[in-house]
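Hi there,

Here is the structure I promised to pass on, with my notes below it. Have a look at it first, then read on.

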Amino acid sequence: ALRESGCDLSQPDLAAILRKVDLDGSGSVSYAEFRLLFDEGRLLAAFRDFDADGSGAITREELRRALASCGTHLSSGQLRRAMQQVDSSGDGTVSQEEFLTFFAAVPFASLKSVS
């Protein structure tokens, strides 16, 4: 089915993806694990949208613009605190890993607004 949809993965690539998705190590992907894969896909798409310059990190200005485009306007202090919560490395930007880690704690229902 994947090849028919234009996704031509090699066996090693597919095996690596399945190992990552098979969180309980059962050797198969449950519905819950499958759903998590797509939740992460939506988050990755949101990250790419927020990362306007494609640098691989979200700056404070990119976050401000992305939130403003969704109708959320933060004060400078609110924006600084939001960045501090997500930027676990303290480098002043949000990496893809930091973004995914932060939103992993957000309930599934909340992710619908990200897609």
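Let me start at Arg65, which counts as exposed because its relative accessibility is 51%. For the accessibility classes, buried means under 20% relative accessible area and exposed over 50%, with partly exposed in between (1.4 Å probe, protein chains only).

Before going further, please note that this is a predicted model, so local features need pLDDT of at least 70 and side-chain atom pairs count only at pLDDT 80 or more, while totals for chains, interfaces and linings use all residues. Residues are numbered from 1 along each chain as its sequence is written, and side-chain values use heavy atoms, with hydrogens and water left out.

**Salt bridges**

Arg65 meets the side chain of Glu61 in a salt bridge, at 3.1 Å from N to O. The term stands for a side-chain nitrogen of Lys or Arg within 4 Å of a carboxyl oxygen of Asp or Glu. Glu61 and Arg65 are about one helical turn apart, because they are four residues apart in helix α3. Glu61 also forms a salt bridge with Arg64, where the closest N and O atoms are 2.4 Å apart. Here, too, the separation is about one helical turn, because Arg64 and Glu61 are three residues apart in helix α3. An α-helix has 3.6 residues a turn, so residues three or four places apart point the same way. Through shared partners, the salt bridges join Glu61, Arg64 and Arg65 into one network. The structure holds two salt bridges. Arg64 has 35% relative accessibility and therefore counts as partly exposed; Glu61, at 34%, also counts as partly exposed.

**Helix α3 and the overall layout**

Helix α3 covers residues 60–69, and Glu62, Leu63, Ala66 and Leu67 are buried in it. Seen down the axis of α3, these buried residues fall within an arc of 125 degrees, so they line one face of the helix. The arc is taken over the directions from the helix axis to the C-beta atoms. Arg65 and Ser69 are exposed on the other side of α3. Just after α3, Gly71 takes a positive phi of about 90 degrees.

The protein chain has six helices and two strands, in the order α-α-β-α-α-β-α-α from the N terminus on. These elements are DSSP runs numbered from the N terminus: helices are H or I with at least four residues, strands are E with at least two. Of the 115 residues in the protein chain, 23% are buried. Contact means heavy atoms within 4.5 Å; among contacts between residues at least 6 apart in sequence, 42% join residues at least 24 apart.

**Aromatic rings**

How many aromatic pairs does a search of the whole structure find? It finds two. Phe47 and Phe99 form an edge-to-face pair, 5.4 Å centre to centre with 65 degrees between the planes. This pair links distant parts of the chain, with Phe47 in helix α2 and Phe99 in helix α5 (residues 96–104), 52 residues apart. The ring centres of Phe50 and Phe99 are 5.9 Å apart and their planes are at 70 degrees, so this pair is edge-to-face. Phe50, in helix α2, is 49 residues from Phe99 in helix α5. Rings of Phe, Tyr and Trp (its six-membered ring) pair if their centres lie within 6.5 Å; planes under 30 degrees apart count as stacked, over 60 as edge-to-face and the rest as tilted. Phe47 and Phe99 are buried, and Phe50 is buried as well. Phe47, Phe50 and Phe99 form one aromatic cluster.

Asp51 lies in the loop between α2 (31–50) and β1 (57–58). Asp51 is buried yet has no salt bridge, and the nearest side chain of opposite charge, Arg48, is 8.7 Å away. For charge, Lys and Arg count as positive and Asp and Glu as negative; His and the chain ends are not counted. The side chain of Asp51 reaches the backbone nitrogen of Gly56 at 2.7 Å. Not counting residues up to four places away in sequence, Asp51 touches Gly56, Ala57, Ile58 and Glu62.

Glu98 lies in helix α5. Glu98 is buried without a salt bridge, and Arg60, the nearest side chain of opposite charge, is 12 Å away. Which backbone nitrogen does the side chain of Glu98 reach? That of Ser88, at 3.2 Å. Leaving aside neighbours within four places in sequence, Glu98 is in contact with Val86, Asp87, Ser88, Ser89 and Thr93.

Best wishes

How values were computed:
A polar contact is a pair of N or O atoms within 3.5 Å; within protein, one must be able to donate a hydrogen and the other to accept it, and residues adjacent in sequence count only if both atoms are side-chain atoms.
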